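Me: I have a model open and want to go through it in pieces. Can you take some questions?

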Amino acid sequence: MDNENTTPVKLTLFDKIFPPELITIPNGHSVLRRRSRAPLILLLLLVAIYLSLKMTGFDMKLIITRFDKLLDLFVKLFHPKWEFFNKVTGPLMDTIKMSILGTVIGCLLALPIAVLASTNICKSPVIVSVLRFILALIRTLPTLVIALVCALVFGLGTFAGTLAISIFTFGIVAKMLYESIETIDMGPFEAMEALGANKFQAFWSACVPQILPVYLSHSLYCFEMNVRASAILGYVGAGGLGITINERIGWRDYNGLGMVLLSLFVVVVAIEFFSEYLRKKLS
Amino acid sequence: MIEFKNVYKTYPNGFTALKDVNLKIEQGEFVAIIGLSGAGKSTILRCINRMHDVTKGTLTVDGVDVNTLRGKELRRYRRKVGMIFQSFNLVNRSTAIKNVLTADVPDMDFFRVLFGIFSKVQKIRALDSLDKVGILDKAYTRCDQLSGGQQQRVALARTLNQNPKIILADEPVASLDPITARQVMQDFVRINKRYQITILLNIHHIDLALQYCDRVIGVRAGEIVFDGPASTITQEQIDFVYNGTKAPTLGDGE
Amino acid sequence: MAEKFEQIEKSFDQKLTVAQMYLMRPRKWLMYTLIVLILVVLVGWSGSSIHFEGLTVTGREVAKGVVSGVTHPDMKLMFGTGDTDVPYLLLQTMAIAVLGTLIGAILAIPFAFLASTNIMPKPIAYLFRVIILLIRTIPSLVWALMWIRVTGPGASCGVITQSVCSIGMISKMYITAIEDLDTRILESLDAMGCNAFQKIRYGVIPQLTASFISTTIYRFDINLKDATTLGIVGAGGIGASLVQCLNSRRWAMVGSFVWGLMILVLIIEFISTRVRKKLARGQ
């Protein structure tokens with residue numbers, strides 16, 4: 001072990017169970033080789049796959065033999081019922097409106113919280129860890145469950161959907177933002193303080209200009225996700241396109257569903273292009 | 001022995017990189033090729049291991065006409081000729097020893113290649129190669145954690161592991177800092193002397209070339225304008241090689 | 001025109017004064033006002049159709065119920081071992097995510113290679129990008145509702161849905177990794193005498209594995225959250241039971257499901273972040 005060629009390495013639990021191997025080459029020099037983790041990881045993975053297969057009862061054969069059912073469905077999806085477009089526009093607009101409002105509200109709420117949850121600005125570890133824990137909890141809740149609860153509390157409709165999107169956006173944007181804030185250059189902040197500015201003045205003129213573009217970029221990214229996510233919220237009664245989707249599937253009107261999905265596709269692609277363009281400009 | 005006989009090289013875009021090159025390099029020589037960028041230094045090296053084809057003339061290595069080699073023969077020939085690049089060309093995500101072991105790959109059968117199974121002998125030999133360049137202790141470190149000089153040594157070890165008779169080095173020290181550059185040059189000298197491997201290197205810094213190499217070849221616009229021992233080259237000759245511009249030295253900091 | 005040029009020339013002859021520089025200042029406020037204005041208009045437009053109608057009659061009761069459920073979860077359900085108890089359902093949710101992510105990660109490999117512009121000719125690459133985009137735009141819930149026709153309700157439907165849904169994001173991230181490939185390594189392998197297969201095995205694959213694994217783990221994180229949602233349409237996992245309890249207002253059970261979900265997601269997120277960090281900087 002105390003060979004002059006070995007650099008000190010931190011031994012993990014794994015290395016203690018499977019101690020590193022000392023390899024000596026013909027000229028007498030030697031080197032320590034840590035045992036590969038690959039076999040252990042592979043074994044764990046195989047066990048996980050086996051258990052998962054047992055638990056889910058997943059059967060590839062069934063899917064292959066009954067695959068034609070899906071193909072039938074797809075053929076209908078690719079022959080959208082064009083006259084249905086009139087009935088799509090209303091809910092589609094609702095979905096977009098829900099995403100816009102939800103994103104704006106969520107992002108506005110996220111800004112102060114994210115600032116308070118960044119270790120380089122907020123010096124109190126208690127506040128930081130409490131906020132981060134709350135954010136993490138919010139992020140664990142599936143949007144659809146939040147939407148369902150909102151719909152039960154505030155009644156069916158777009159308000160519940162907007163609220164659900166706001167909560168979801170808040171959790172994600174705040175997290176992305178505090179991670180970005182921690183990477184900003186704190187030099188200007190210290191310089192401002194040295195000039196005699198108070199903490200808020202220093203933060204406003206030294207940190208905000210650095211944070212703002214990142215914040216806008218994260219918000220746009222989240223908006224992209226929200227448009228896609230809000231399309232299904234209607235499924236639990238939270239307004240928007242989801243209601244139409246649910247209805248079409250219920251009636252097995254897959255040509256109509258094709259039209260709904262096509263409009264959604266066009267809107268999502270358009271928004272994605274636009275937002276990607278804006279985000280490129282911001283960076 | 002490497003022998004160029006009236007070699008011409010014209011690129012598909014019509015640019016003539018080599019004009020009537022005649023050279024003879026004996027086994028175990030340590031040769032520096034100097035010249036401006038674009039003069040044809042790289043082309044000379046790349047013709048030797050057939051990364052480029054010669055347009056006219058013959059290029060023989062140990063009596064074999066390089067231009068006639070095809071497919072498998074060519075790959076077998078390339079095993080004897082190691083090549084080192086300015087940018088190291090290592091797999092950054094792999095450990096040093098894995099990079100060195102890739103030198104054995106062309107001789108292995110399909111299944112061993114597919115699953116990456118290397119024998120104990122091969123591993124020991126790879127470690128030995130790493131030891132020859134003095135970085136045995138970094139064998140199990142990922143290459144992206146190594147410094148530039150260490151990475152170039154891994155590349156050198158990989159080349160040594162292929163047991164070459166000739167090493168071609170294309171600007172091996174150009175992206176290293178002056179101190180590391182000198183260390184790597186010393187590694188080259190040591191390997192050249194101890195294992196009698198022919199080393200041809202393209203080098204930008206005239207001072208390094210004169211200090212470490214035995215023989216200097218000056219290339220200007222695709223033609224050889226100087227060929228002789230490093231100790232005999234005069235300032236006028238250097239100026240001529242560099243077309244009247246000041247020859248770059250390590251002191252310039254590039 | 002000529003006069004203008006003379007004027008400009010004259011101004012270049014003169015030294016720039018402070019006053020001139022001030023006049024030439026970049027007018028950023030214009031852009032910022034424009035952004036804010038656009039946002040205000042968008043929010044106003046969205047807000048117009050989203051109405052807050054106060055709590056529903058039962059809303060107050062629901063809100064109270066959720067709070068009481070979360071604070072007093074059903075402990076017997078939480079730690080029971082039956083196949084309707086929280087641990088089993090969580091394991092099943094995880095099993096769905098494991099299989100879904102693995103199959104998705106494997107299916108994404110051909111898609112990613114076919115859609116990479118540095119490997120494939122541009123028209124083919126763009127065609128596959130559109131297909132990937134199509135897969136991504138169809139919401140996972142809709143996929144689940146379509147697959148249910150093939151597999152019938154149950155965990156298998158969740159697995160196949162997640163496999164397909166994962167292709168979109170995973171292949172998008174694979175493509176980035178493939179397009180970032182360092183091709184100089186191939187040159188040196190060529191110089192060493194490697195054939196095409198050997199070049200791929202030792203030049204391409206080692207560069208990709210780490211980022212592919214990292215992407216897969218990241219997607220597993222997302223799929224775990226998503227798997228809970230899929231339960232709502234009958235695709236297995238904990239989501240179905242959660243929604244049932246919510247609708248039948250069994251708050252204590254809701255509480256235990258929510259706690260189980262949050263704890264599982266937090267643990268997995270913690271582990272996945274650590275593993276991915278380790279992969280990025282090497283052991």
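Me: What radius of gyration does chain B have, and what would a compact globule with 254 residues have?
Reply: Chain B has 18 Å, which agrees with the value near 18 Å that a compact globule with 254 residues would have. The radius is taken over C-alpha atoms, and the globule rule is 2.2 Å times the number of residues to the power 0.38. This is a predicted model: local features need pLDDT of at least 70, side-chain atom pairs count only at pLDDT 80 or more, and totals for chains, interfaces and linings use all residues. Residues are numbered from 1 along each chain as its sequence is written, while chains are lettered from A and ligands numbered from 1 in the order in which they are written.

Me: What does the C-alpha trace of chain B span along its principal axes?
Reply: About 55 × 40 × 35 Å.

Me: And how many helices and strands in chain B?
Reply: Chain B has nine helices and 10 strands. These are DSSP runs numbered from the N terminus, with helices (H or I) of at least four residues and strands (E) of at least two.

Me: How much of chain B is buried?
Reply: Buried residues are 46% of the 254 in chain B; buried here is 20 or more other C-beta atoms within 10 Å of the residue's own, with C-beta atoms placed from the backbone.

Me: Switching to chain A. How do the axes of α11(A) and α12(A) cross?
Reply: The axes of α11(A), residues 241–250, and α12(A), residues 254–282, come within 9 Å and cross at roughly 155°. Axes are lines fitted to C-alpha atoms over the stretch in contact, and angles run from 0 to 180 degrees between N-to-C directions. The two helices are therefore roughly antiparallel, the word for angles over 145 degrees.

Me: Which residues meet there?
Reply: L241(A), T244(A), I245(A), R248(A) and I249(A) of α11(A) meet G256(A), L257(A), V260(A) and L264(A) of α12(A). That contact has six nonpolar, two polar and one charged residue. Ala, Val, Leu, Ile, Met, Phe, Trp, Tyr, Cys and Pro count as nonpolar, Asp, Glu, Lys and Arg as charged, and the others, Gly among them, as polar.

Me: Now the interfaces. How many residues of chain C are in contact with chain B?
Reply: 18 residues of chain C, against 23 of chain B; contact is C-beta atoms, placed from the backbone, within 7 Å.

Me: Which helix gives the most to that side of chain C?
Reply: α10(C), with eight residues.

How values were computed: Angles under 35 degrees count as roughly parallel, over 145 as roughly antiparallel, 65 to 115 as roughly perpendicular and the rest as oblique. Two residues are in contact if their C-beta atoms, placed from the backbone, lie within 7 Å. A residue is buried if 20 or more other C-beta atoms lie within 10 Å of its own, exposed if 12 or fewer, and partly exposed in between; C-beta atoms are placed from the backbone.
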